[in-house]
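Here is a short walk through one protein chain.

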Amino acid sequence: MLKRPLRLFSQFTLMLSCLCFLACGKKEKESSARLEPYTPPVVTELDEYLARQDVSCEVGKFCPEYMVKIVVVEGSKRRVCTGFLTDSETVATSTSCLPSLMRLENQNCNRDIFFFFPKTINSGAVERRGCQKVLKVSDLETDNPTLWKDDLAFLSLNKSIPRRSLFPTREGMSNKSSLTMWSIDQVDDYFSLVRRDICEVVHNTYFNPLAVNEYSANMTVAGCKFKRGNSGSPLIDDTGLVRAVVTTTADQRLIDYVNASGLLTAPLKPIQNAINFACAPTIYDTEVASETECSKNPTYRLQDEARAQMLSFNNIFAPTLQAIKTAMEASNIYVRFSVKTVSKEDEQTVTITPSCFKNVPAWINTLSGSKFIFSVTLPHKTLKKTMDAYGRIRGQEIAVADEAFKFQFSPSFLRANKTSNLYQWNNNTDLTFENFSYCE
């Protein structure tokens, strides 16, 4: 009689245990969920700064796909530089744009450098990429940009971008050639403008006297304006190849010195320094256009010596003085003239005086008597150092009216004694050169 109640009691106990187990499990699950609440990501001031970055073309102007606005973060400081794509995963710019800690190859740059690609016809919005690694940088051994053999950096993107890229050429930069500069102008803390300008290549300028031919490593360009954010701007030829990278503007102290020198014949054009891809190292090859030129090591001493040579009167006016000497040699068959200059501050006056009887045996027997007179016109010139709008030293000739002179000597006395007094005169001058003799 007691077996059935016991069976019912056992079943009730089992059901109660299951319900307790399920209830306990639900409480643990709910408790676990409460221990892991959703935490929104922290938005830093830098995140907000980067989110507000914008870059676009001038109104109504074309915007190249390869241009890159580079935002550099160095502690609390931020700056903008210009860069350009060399392939879908690589940006080139100037090493001087980078923070000092980023001037190391293989350095991770994801927290220091950020890329912003401008809006284009194919891309209606600014595209952002991060910096993955520093691939190649230059060693800037001095703070003088005209002595940098190169100032170039290659940086890898954290994600490739399907845009047109530029490729460097080793063809060099010929004197007076024109190149297109594309740059990123930093307008304010957030907005930048893509700008196009035309630069003219300048060799043998006072601002960089070591840039002497198309393969010089450090080049000078003029006429294009340098604005905040332009460091790293590409200089592109008519075929779409990049010839150089603009690094800095000319030293303001040197510009002030030149403006105050009194040498300028025209207002100085904007002068920029540029690194020539004829010599600059790249990640794509190890070739150079000229081993002789690219292996030169620029120094302060070489730069100072080159500037001194540029300012030398003998170098500036050598062609002018040689032309005067040639003209005086052809002016008569009897007397040779000496052509010299007398210095007066930045000017020199040309002086021409008789020096000796030339080639006497060729004509002495055709003359007789104690008096022979001939005429010669002597040029009068003042030579002055000047500088053109590109910083090139030039010579200016200030001509004064030429003067005609008569010269007299004694053929018979010259034949007998190999000397004779020589007289020079006109309405303003009366000179005597005693014992005037043969040229050696």
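The model is predicted. Start with the lining of the largest pocket. By class, this lining holds six nonpolar, seven polar and five charged residues. Together, 18 residues line the largest pocket. Nearest its centre lie Asn 144, Thr 146, Asp 251, Leu 254 and Gln 303. The space inside the largest pocket comes to about 280 Å³.

Which elements give two or more residues to this lining? They are helix H3 (252–260), strand S13 (271–276) and helix H5 (300–311). H5 supplies the largest share, with four residues.

Now step back to the chain. Its secondary structure consists of seven helices and 19 strands. The C-alpha trace spans about 180 × 40 × 35 Å along its principal axes.

What of the packing? Of the 440 residues in the chain, 45% are buried, with buried meaning under 20% relative accessible area. Contacts can also be sorted by distance along the sequence. Among contacts with a separation of 6 or more, 67% join residues 24 or more positions apart.

The surface comes last. The chain exposes about 24000 Å². Carbon and sulfur atoms supply 52% of that area.

Methods
Residues are numbered from 1 along each chain as its sequence is written. This is a predicted model: local features need pLDDT of at least 70, side-chain atom pairs count only at pLDDT 80 or more; totals for chains, interfaces and linings use all residues. Side-chain values use heavy atoms; hydrogens and water are left out. On a 1 Å grid over the protein atoms alone, a cavity is a set of points where a 1.4 Å probe fits but cannot get out, and a pocket is an open set with protein on both sides within 12 Å along at least five of seven lines; lining residues have an atom within 4 Å of a point. Grid points are joined across faces, edges and corners, and a volume is the space filled by probe spheres set on the points. Ala, Val, Leu, Ile, Met, Phe, Trp, Tyr, Cys and Pro count as nonpolar, Asp, Glu, Lys and Arg as charged, and the others, Gly among them, as polar. Buried means under 20% relative accessible area, exposed over 50%, partly exposed in between (1.4 Å probe, protein chains only). Contact means heavy atoms within 4.5 Å. Accessible areas come from the Shrake-Rupley method with a 1.4 Å probe; for residues, only the protein chains shown count as cover.
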